[in-house]
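Thank you for making time this morning.

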Amino acid sequence: MNDVAQLFRQVRYNNKAFWRNPASAFFTFAFPIMFLVIFNGIFGQSQFFVPAIAAFSIITACYTNIAITVVFLREQGVLKRVRGTPISSVSYLVGRIIHSVLMAYLLVAIVSVFGAVFYKVDLPTHTMVPFLVTIAVAGASFCSMGLAMTALVPNEDAAPPIVNALIIPLAFVSDIFVPTDQIPGWLEKVADFFPLKHIAVAMGTAFNPPPGSSGWEPGHLLIVVIWGVAALLLSIKFFRWEPRR
C-alpha cells in the first residue's frame with residue numbers, strides 16, 4: 001500500500017476512533033458553544049464573538065487536542081508501536097493533521113450556525129472563500145504548533161496543564177475572549193507577537209468584512225503561516241516517538 005492510501009486509512013481510523021468516544025466528542029463540540037453563550041451573555045456582542053469563538057474552536061481542535069492526544073499516545077507506547085508497523089511516519093502524522101482540520105471545519109460550522117439561529121448573526125456568504133481558506137491555514141499551522149508542543153511536555157499528566165496554560169491566557173488578550181478595545185495597550189502589543197491575535201483578526205474580517213473589504217487578511221495569515229512553518233521545523237527536529245526515560 002502506498003503512502004497516499006495509508007494516509008487516507010489513517011484519517012478514516014482517526015475519525016472512527018473519535019466518534020466511538022461519544023463523551024469526548026460531545027464535550028469537544030459543547031465547549032466552544034459554552035464559551036459563546038457565556039461571553040455573549042457578558043458582553044452582548046454576538047457578531048464579534050461568533051467568529052472569535054470560531055477561531056478558538058480551530059485552536060482547540062488543531063492545537064490543544066492534537067498536542068494532548070499525541071503526548072498521551074507517546075507516553076502509553078502507542079507511537080512506538082505505530083512506528084514499527086508498515087505505515088510511514090509522514091502518513092500517520094499528516095493523517096492526524098487532516099482529521100484535526102476537518103474537525104475544525106465542523107466546529108466552526110456548528111458555532112456559526114448556532115450564532116445565526118440563536119443570535120441572528122449574519123453568515124459570511126459573500127466572503128466564504130477567504131473564510132474557508134483562513135480556517136485551513138489556521139488549522140494546519142496550529143496542528144504544527146501542537147506537534148511542536150509535544151516536545152516540551154515531559155509526560156501525560158503534565159500535558160493538559162502545560163498545553164492550556166499557554167493558550168488560555170493568550171485568548172483573553174488576543175481579541176478572542178475579550179474585545180481588543182477593552183484590554184490595556186501593553187497587553188495588546190504582547191498579543192501582537194503571537195499567532196492567536198492574527199488568526200482572530202483574519203477570522204473576524206472574513207466573517208464580518210468591513211465595507212469594501214474582500215474578507216482577506218494576507219498580512220495576518222502570513223504571520224500565522226510563519227509560526228506554523230517554524231513549529232514544523234521544530235517538530236522535525238525534536239518530535240519523539242518514544243516515552244522519555
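Predicted model: local features only at pLDDT ≥ 70, side-chain atom pairs only at ≥ 80, totals over all residues.

A search of the whole structure finds 24 aromatic pairs, where rings of Phe, Tyr and Trp (its six-membered ring) pair if their centres lie within 6.5 Å, and planes under 30 degrees apart count as stacked, over 60 as edge-to-face and the rest as tilted. In one of these pairs, the ring centres of Y92 and W241 are 6.1 Å apart and the planes stand at 50°, so this pair is tilted. The pair joins distant parts of the chain, since Y92 is in helix α5 (residues 89–119) and W241 is in the segment after α10 (218–238), 149 residues apart. Both Y92 and W241 are buried, where buried means under 20% relative accessible area, exposed over 50%, and partly exposed in between, with a 1.4 Å probe and protein chains only.

Residues are numbered from 1 along each chain as its sequence is written, and side-chain values use heavy atoms, with hydrogens and water left out.

Staying with the rings, F31, F35, F39, F43, F48, F49, F56, F172 and F177 are linked by ring pairs into a cluster.

Not counting residues up to four places away in sequence, S91 touches D3, Q6, L7 and Q10, contact meaning heavy atoms within 4.5 Å. H99 is also in α5, is buried at 8% relative accessibility, and, with its neighbours within four places left aside, is in contact with V11, N14, N15 and F18.

Which helix bends by about 30° at A165? That is α7 (residues 159–173), and a proline, P169, follows the bend within four residues; the bend at a residue is the angle between axes fitted to the seven residues ending there and the seven starting there. The buried residues of α7 are A159, V163, I167, L170, A171 and V173, and they pack against α3 (46–75), α6 (128–149), α8 (185–193) and α9 (195–207). After α7 comes D175, whose phi is positive, near 65°, and which counts as buried at 15% relative accessibility. K120, in the loop between α5 and α6, likewise has a positive phi, near 60°, but K120 is exposed, with a relative accessible area of 65%.

Finally, the cysteines: the structure holds zero disulfides, a disulfide being a pair of cysteine sulfur atoms within 2.5 Å. C62 is in no disulfide, and the nearest cysteine sulfur, that of C143, is 3.9 Å away, which is too far for a bond. C62 is buried at 0% relative accessibility, and C143 is buried with a relative accessible area of 0%.

Terms used. Helix = DSSP H or I, 4+ residues; strand = E, 2+ residues; numbered from the N terminus.
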